[in-house]
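Please review the briefing below alongside the sequence and the coordinates.

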Amino acid sequence: MNWKRAFYMTAGVGVPVIALLSYGMTRDPRNIPSPLPGREAPVFTRAVFAPGNDTVLRMTVGDSVRLAEQRGHVVIVNFWASWCLACRDEHEALSLVANRYGAKGVRFYGLLYNDFEKNGIKWIEDMGGQAYPALSDPGARAAIDYGLYGVPETFVIDQTGRVAHKYTGPVGVMELSKLLDSLTTANSDAVASPATDVPVTRALPPTGTKP
């Protein structure tokens, strides 16, 4: 193979990859629309690895959370990681809102994304605890089903099992409380029948780099 042929072959492969990466770096995940709001939330069954300290929301380590069994409740699903700096910014807000709304029947779950449980447990301890249970997500299957672009991302699921809203980036007390007030006072009579726990398969898009 002469050098000209090698050059053109390298350019033919490298230039499109560089162009694709350059385009991706200009895209803000907060501006990428999610197809999930208004649609049925992908169901999952995940194990608890950190119990939470709220008296209502607390669960036993090793217990399983089945989203399909949460119909009739507003459910908050927060994807987070110990290596995520932005997750620190929302931690206090999420625990505060969980303490306020757990007694009103709102369920909160934190799904650990692309991380180790031991790191997640230490992170929660370092942050002074967490009101709601933390769940493992082996293979990031739930993250794939929810089309995660990074962390933190928070999905609010209404009483019928549909995604009411998605937050990309740290969520605040006021904005989340306002939405929960709206959902918990809405008529929840039309509760859909339990869904079948069949994961949606989808390729996981690239995520941000770990610090």
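The points that follow describe a predicted model.

**Sheet**
- An open sheet is formed by 7 strands in the order S2-S1-S5-S4-S3-S6-S7, with mixed pairing.
- Its edge strands are S2 (64-66) and S7 (163-168), each of which pairs on one side only.
- Strand S4 (residues 107-112) pairs with strand S5 (residues 134-135) in the parallel sense over 2 bridges, and Leu111 stands opposite Leu135 in S5.

**Helices across the sheet**
- Helix H3 (residues 117-126) lies across S1 (45-50), S3 (75-80), S4 and S5, at about 50 degrees to S1.
- Helix H5 (residues 173-185) lies across S3, S4, S6 (153-157) and S7, and runs at about 180 degrees to S7.

**Helix H5 in detail**
- Val173, Leu176, Ser177, Leu179, Leu180 and Leu183 are the buried residues of H5.
- Viewed down the axis of H5, these buried residues fall within an arc of 165 degrees, so they line one face of the helix.
- The elements covering them include S3, helix H2 (85-101), S4, S6 and S7.
- Met174, Lys178 and Thr185 are exposed on the other side of H5.

**Arg141**
- Arg141 lies in helix H4 (residues 141-145).
- Arg141 counts as partly exposed because its relative accessibility is 36%, between the cut-offs of 20% and 50%.
- The C-alpha atoms of Arg141 and Tyr113 are separated by 9.6 Å, the two residues being 28 residues apart along the chain.

Definitions and conventions. Residues numbered from 1 in each chain as written. Predicted model: local features only at pLDDT ≥ 70, side-chain atom pairs only at ≥ 80, totals over all residues. Heavy atoms only, no water. Helix = DSSP H or I, 4+ residues; strand = E, 2+ residues; numbered from the N terminus. Buried < 20%, exposed > 50% of the residue type's maximum accessible area, 1.4 Å probe, protein only. Pairing = 2+ DSSP bridges. Contact = heavy atoms within 4.5 Å. Axes fitted to C-alpha atoms, helices over the stretch in contact; angles between N-to-C directions. Arc of directions from axis to C-beta.
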